Amino acid sequence: MSPDQDVVTPPSGRPVVPPPSCPRCGRAAPPGRGPFCSYCGRYLAALEWVALPPDPSSLPEAARPRSGLLERARYEGPPRYRDVPRWGLPPGPWRSGSADDAPVTALAQARASASQLLPLLLVTAVVTAVGAAGEVWRYVLLLFSRTEALSPTAVAWSDSIVLVGGWTSVVGVLACGVLMISWTRHAVRAAAERSGTTPARSSRMLVAGWLVPGLNLAVPGAVLAEIEHAALGLPADWRPRPSTELLVWWALWGAGVVLAFVTALWSLRTGTQALADGVVLHAWLDVLAVVTALLTRRVVARLTRLLEPSSGGHRELLVTSRPAAPTG
């Protein structure tokens with residue numbers, strides 16, 4: 001009932017409320033009306049919604065604010081920052097706290113370095129083979145040039161192949177060298193952890209053994225032999241004896257270092273014959289680099305596989321097979 005409606009009291013003493021008028025069209029509601037106007041359909045009752053804060057005394061104990069804190073808990077809008085916030089979730093999938101806090105082992109680092117080194121060695125071998133083919137083609141053109149004029153197109157193609165193959169192989173060799181040194185450092189520590197010993201050389205000595213002329217003829221092979229010795233689980237007091245594959249790699253590596261030094265010195269000479277001999281030396285150096293890169297890939301993969309922890313299960317091992325000795 002609206003407060004502005006007039007209440008009529010009949011002689012019976014029971015008040016009679018006149019029918020309400022529609023707030024929209026102003027017409028009086030007919031008898032037997034419903035809550036809506038019969039003419040325009042508007043709701044007849046005048047409603048006014050008022051939002052009031054709840055009474056603090058009616059709140060439960062856990063949600064009831066302390067005295068004097070009601071004004072402080074008033075909402076003042078979204079937070080404001082003077083600078084861009086640096087907090088947030090790190091990129092990547094969710095990981096448990098134990099996996100994040102666990103230190104990275106030397107074996108895991110060696111495995112990661114090997115996963116990058118192995119495909120790069122294969123790519124370097126391919127581009128170096130292209131450079132070797134270009135050097136051979138250039139030498140063939142030099143032989144033909146003694147008796148007849150050369151085609152400009154053939155010379156241009158030869159120079160392009162030598163240029164692209166040569167510089168690409170140089171970049172690949174440098175990248176492989178960096179990854180090879182990184183893998184060696186991690187593999188030495190992984191082998192020491194596997195055998196329970198201390199590495200015989202520091203990281204600086206390892207890097208110097210790969211880069212310093214003279215030392216790079218002996219140290220790389222010795223380091224790989226020590227890694228192989230520890231990975232095979234042989235006693236630490238035994239002298240490492242490299243496998244045949246490792247000895248072949250050692251010989252190819254030494255020959256490549258010596259031939260690279262000779263080729264660099266030979267390129268300082270002048271004259272037609274010196275240039276022709278330089279082409280031959282570059283071709284042989286590229287071929288030797290291709291073979292060394294492929295064998296290095298095989299050696300690194302094998303030593304990384306040997307450093308992996310064994311499953312600890314039983315396995316069959318055939319040591320020797322001899323005919324049975326006659327009895328009687």
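Author: In this predicted model, a residue counts as buried when its relative accessible area is under 20%, as exposed when it is over 50%, and as partly exposed in between.

Reader: How many salt bridges does the structure hold, and why is the contact of E308 and R111 called one?

Author: The structure holds six salt bridges. The side chains of E308 and R111 meet with N and O 2.9 Å apart, and because the cut-off asks for a side-chain nitrogen of Lys or Arg within 4 Å of a carboxyl oxygen of Asp or Glu, this contact qualifies as a salt bridge.

Reader: Why can the pair of E308 and R111 be said to tie together parts that are apart in sequence?

Author: E308 lies in the segment after α7 (272-307), while R111 belongs to helix α2 (residues 106-144), so the two parts they tie together are 197 residues apart in sequence. E308, at 27% relative accessibility, is partly exposed, and R111, at 37%, is partly exposed as well.

Reader: How do you know that R201 and E226 form a salt bridge, and where do they lie?

Author: Their closest N and O atoms are 2.9 Å apart, which is within the 4 Å limit, so the pair counts as a salt bridge. R201 sits in the loop between α3 (152-195) and α4 (203-211) and E226 in helix α5 (residues 219-231), so this pair ties together parts 25 residues apart in sequence. With 22% for R201 and 30% for E226, each is partly exposed.

Reader: What makes E228 and R302 a salt bridge, and is E228 buried or exposed?

Author: The closest N and O atoms of E228 and R302 are 2.7 Å apart, and because this is within 4 Å the pair meets the definition. The pair links distant parts of the chain, with E228 in helix α5 and R302 in helix α7, 74 residues apart. E228 has a relative accessibility of 2%, which is under 20%, so E228 counts as buried. Through salt bridges that share partners, E228, E245, R298 and R302 are joined into one network.

Reader: How many aromatic pairs does the structure hold, and why is W210 with W253 called edge-to-face?

Author: There are three aromatic pairs. The ring centres of W210 and W253 are 5.3 Å apart and their planes stand at 75°, and because the centres lie within 6.5 Å and the angle is over 60 degrees, the pair is edge-to-face. W210 lies in helix α4 and W253 in helix α6 (residues 244-266), so parts 43 residues apart in sequence are tied together. W210 is buried, with a relative accessible area of 8%.

Reader: Why is the pair of W249 and W253 called stacked?

Author: The ring centres of W249 and W253 are 5.8 Å apart and their planes are at 10°, which is under 30 degrees, so the pair is stacked. The two residues are four residues apart in helix α6, a separation of about one helical turn. W249, at 1% relative accessibility, counts as buried. Together W210, W249 and W253 form one aromatic cluster.

Reader: How do you know that the charged end of R269 sits near enough to the ring of W266 to count?

Author: The charged end of R269 sits over the ring of W266, 4.4 Å from its centre, which is within the 6 Å limit.

How values were computed. Residues are numbered from 1 along each chain as its sequence is written. This is a predicted model: local features need pLDDT of at least 70, side-chain atom pairs count only at pLDDT 80 or more; totals for chains, interfaces and linings use all residues. Side-chain values use heavy atoms; hydrogens and water are left out. Buried means under 20% relative accessible area, exposed over 50%, partly exposed in between (1.4 Å probe, protein chains only). Rings of Phe, Tyr and Trp (its six-membered ring) pair if their centres lie within 6.5 Å; planes under 30 degrees apart count as stacked, over 60 as edge-to-face and the rest as tilted. A charge sits over a ring if NZ of Lys or CZ of Arg is within 6 Å of the ring centre and within 35 degrees of the ring normal.
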